[in-house]
Protein chains: 2
Amino acid sequence: MFEKIDEHSIIKIFLEVLGQPKPGYSRIGDDVAYLPAGGGEVVVKCDMLVGETDVPQGMTCREAARKAFVSVVSDFAAKGVKPEAALVSLGIPPILKLEDVRNLALGVKDAKEEFGFQFIGGDTNEAKDLVIDCIMVGRAERIVERSGAKIGDVLLVTGDFGYTGAGLYILKRYGRVGSGFAERAISAVVRPKPPLELGLALAEKKLMSSSIDSSDGLALSLYTLAESSSAKIVIYNMPAAPELTDFCEEHGLNPEELVFYSGEEYEIVFTTPKENLDEVQRLAKSFGRYVRAIGEVTEGRSVVEFITSCKRKILERRGWIHLNRSDRTKIRPESATEAD
Amino acid sequence: MFEKIDEHSIIKIFLEVLGQPKPGYSRIGDDVAYLPAGGGEVVVKCDMLVGETDVPQGMTCREAARKAFVSVVSDFAAKGVKPEAALVSLGIPPILKLEDVRNLALGVKDAKEEFGFQFIGGDTNEAKDLVIDCIMVGRAERIVERSGAKIGDVLLVTGDFGYTGAGLYILKRYGRVGSGFAERAISAVVRPKPPLELGLALAEKKLMSSSIDSSDGLALSLYTLAESSSAKIVIYNMPAAPELTDFCEEHGLNPEELVFYSGEEYEIVFTTPKENLDEVQRLAKSFGRYVRAIGEVTEGRSVVEFITSCKRKILERRGWIHLNRSDRTKIRPESATEAD
């Protein structure tokens, strides 16, 4: 069957799958999109997903589209901003079929229903790569800053780390297989779940003195908080995913590498005064999440120290930087790391 | 010299070239961008420019980046929305040098200074194509609709048509050469000037009953207005660029084809009650622009008729549709058009 993919057929599919936004918002297909008038600062975030570099083998179009939205929702979660409306700019490579376009639309729908925003439009183009640029708009009375960490604050994370690095490793070598740990690790890559509700609740109750999401890797998130708040962060509890050590031992990998440098976990890394700890834990529990205290903010120059049972060392300041992606996929075996 | 292009070097260059936005706006480099609180609907538009398909040979990186913003500014002009803040998502192909990135930033700066918005951030990625996705945010008390044209209204355009088709034709065959008409035609392609101030003033004075920009071609803009307003539009005056007939004669092209189907003119196509005509003309003159009455809105089904000295015919409903670009570059010689 001859499939004609043009701007109109793509808009038609998106309309069929997603429908029009609720009253007060512009209609899909309008010349410009708009949100109803409202108070607070207008918050905007764009994040581009590129097929070649951001979509690992084994990930579906639907998952890729949903994940593109996860990356903007994750920032909103960490900053305490409720997603309100989203647009998407698409670059469609010639290889894509109408069925793939429908799956992209379904991925946007998954995100829309999960994170509760209105989908209000976008743009379509032909491109060599699959390009999904998500634009999220929200409004906020107060945005949680990176720079509010105080000496004595506890450093917390909203989940386990290491899954995404392990997931990419498994996907690359064995494809989309496995159960137990492998399944959870792959799921962390193809279907990450940013703690949006928890982030919004923590922000609303002013329980985060500083925060950032962990999309560029835990180490870099910690450094960003330390540098923005001009303080030292000491990590005494590595938030390793359960069974990560077994997995690493089996595959000759270094758990520390996977926990601190995998990236794309979309968890919140934040600080709070010690006296808030119980309330934070209760709140997390009420959303079916848990937070883990992994360190504290201390006086000193802006570095991140990592204390293990036997030693105290400065954590390497690196992460996953776009256009320099070798950092990310290079999951080094334990032996190599020792030589660094 | 070894050039390292990564996220940080790109952000650094953009910061050097563009600087931080004025107080009240988020800083470039923040996790999310925001605009100060304010009244009115929040208007958002995204438009993706892809190097392979949207940047003709002979156009510089700086012009491409500026033009990417022109395409969103043009919609804002037609809708009467003042551009307030912009973001840009970049896909950077490996072939690009740091100097090219600087030129992209300079193009954004050109647009920023010309159209008066704050540049508040974006995202960078590696991609096979050069991808520039512009996101513009503004606020408006009232958005000029496509659907407000009334029977008896005059149909106007803010400029001459045919330049862009001729410019692409010249660029493709002869490169960036010529003076007089050729220079103006090429300039229309590489440095289009959307009538932003005029559009805002027309909207503020409620002098547009309906409007749309002409980025997808004049014919399609006219059809969109006719269909949205459930009326017939009759064109009695083809807004051909001066000397277009000479150019077409010389090259065996059909002026009608170039005027109605070139696209990317970024002019405003709008309707207004007849009694506003003088005021509209005076206003245009005050901005160094002129508007041309080219037709009227009449009763009938949603079509566009074109009356020339000898005949009355239905204008073909087609334009330049993304992912179906043959329509655009196929500038047909006069003889071929007659056969249609």
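Guide: Two strands pair if DSSP finds at least two bridges between them; strands are DSSP runs of E, at least two residues long, and helices are runs of H or I, at least four, both numbered from the N terminus. In this predicted model, local features need pLDDT of at least 70 and side-chain atom pairs count only at pLDDT 80 or more, whereas totals for chains, interfaces and linings use all residues. Residues are numbered from 1 along each chain as its sequence is written, and chains are lettered from A in the order in which they are written.

Visitor: How many bridges join β2 to β5 of chain B?

Guide: Strand β2 (residues 41-50) and strand β5 (residues 131-140) of chain B run antiparallel and are joined by 10 bridges. Within this pair, C46(B) has I135(B) as its bridge partner.

Visitor: In what order do the strands of the open sheet lie?

Guide: The five strands follow the order β1(A)-β2(B)-β5(B)-β3(B)-β4(B), with mixed pairing. The edges are β1 (33-35) of chain A and β4 (118-126) of chain B, each pairing on one side only.

Visitor: How is β1(A) joined to β2(B)?

Guide: Three bridges link these antiparallel strands, and Y34(A) has V43(B) as its bridge partner.

Visitor: How many residues does each chain give to the contact?

Guide: Residues are in contact if their C-beta atoms, placed from the backbone, lie within 7 Å. Chain A and chain B each give 52 residues. On the side of chain B that touches chain A, β2(B) provides the largest share, nine residues.

Note on methods:
Contact = placed C-beta atoms within 7 Å.
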